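Me: Could you walk me through reading side-chain features in a protein model? I'd like the general idea each time, then the case at hand.

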Amino acid sequence: MTKSQQIVLYMGAALIAVVSGFLLRGHLMGTSSVEVAGDSAIKGAQTLLSASLPDLNDQNQSLSQWRGKVMVVNFWASWCEPCRKEIPEFIELQEKFGDKGLVFVGIAVDQKERAASFSKNIGINYPVLVGDMRAMMLAEAAGNRQGALPFTVVIDRDGKITGTKLGTLSRSKLESMFMPLL
């Protein structure tokens, strides 16, 4: 095989990989929200609420401390562009509905330094916890079978998962998920 044939072969393989990645991303980002029912909602919520993760100051925080509030748990990363796009709306919603019993909890699947820098720069006004693969196991327990980000879980005041969304979550869709719970 000549050098030019090798280059064409490599470029073709790279093109196939890039197109496949975009198709997979489009499929995952198009995934609609899911109403979680029965045992899955109970077990997923129990797993989340029994978890403790470090915050940006390395202090372990139990998610159960927010039980009794409507929780929006968002799994995100600073390198995840869809995550970065939806967080400003989360900040606004936390400001607007926090006094009505809504609490956002961000779980960064990221390095602590990167999560802290992004949180400070954008002005996140809700708790940010940092996880690694353990955080992804929590997301899976809550319904994220694809292991992709962003992933958002809504938990009612009784500690039950009422809905999840894989991919970017619009403000109107999110409000429709939590407003009836307030």
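Me: Is Lys 112 buried, partly exposed or exposed?

Reply: Keep in mind that this is a predicted model. Look at the relative accessible area: under 20% is buried and over 50% is exposed. Lys 112 comes out at 25%, so it's partly exposed.

Me: Okay, and which side chain does Lys 112 meet in a salt bridge?

Reply: For a salt bridge, you check how far the side-chain nitrogen of a Lys or Arg is from a carboxyl oxygen of an Asp or Glu; the cut-off is 4 Å. Here Lys 112 pairs with Asp 58, at 3.0 Å from N to O. Then see where the partners sit: Asp 58 is in the loop between β1 and β2, while Lys 112 belongs to helix α4, and the two are 54 residues apart.

Me: How many salt bridges are there in total?

Reply: The count is 3. Another one joins Arg 171 to Glu 92, with their closest N and O atoms 2.5 Å apart. Arg 171 is in helix α6 and Glu 92 in helix α3, so this pair ties together parts 79 residues apart in sequence. Arg 171 also bridges to Glu 175, at 3.4 Å between the closest N and O atoms. Those two are 4 residues apart in α6, about one helical turn. Shared partners make Glu 92, Arg 171 and Glu 175 one network.

Me: Which residues of α6 are buried, and why do they line one face of the helix?

Reply: First the general idea: an α-helix has 3.6 residues a turn, so residues three or four places apart point the same way. In α6, the buried ones are Leu 174, Met 177 and Phe 178. Looking down the axis of α6, you'd find its buried residues within an arc of 85°, so they line one face. Their cover includes α3 along with strands β3, β4, β6 and β7.

Me: What about aromatic rings? How many pairs are there?

Reply: You describe a pair of aromatic rings by the distance of the centres and the angle of the planes. The whole structure has 5 aromatic pairs. Take Phe 97 and Phe 178: their ring centres are 5.4 Å apart and their planes at 70°, so the pair is edge-to-face. Phe 97 lies in α3 and Phe 178 in α6, so parts 81 residues apart in sequence are tied together. Phe 97 is buried at 6% relative accessible area, and Phe 178 is buried at 0%. Elsewhere, ring pairs link Phe 90, Phe 104 and Tyr 126 into a cluster.

How values were computed: Residues are numbered from 1 along each chain as its sequence is written. This is a predicted model: local features need pLDDT of at least 70, side-chain atom pairs count only at pLDDT 80 or more; totals for chains, interfaces and linings use all residues. Side-chain values use heavy atoms; hydrogens and water are left out. Rings of Phe, Tyr and Trp (its six-membered ring) pair if their centres lie within 6.5 Å; planes under 30 degrees apart count as stacked, over 60 as edge-to-face and the rest as tilted. Buried means under 20% relative accessible area, exposed over 50%, partly exposed in between (1.4 Å probe, protein chains only). The arc is that of the directions from the helix axis to the C-beta atoms. Contact means heavy atoms within 4.5 Å.
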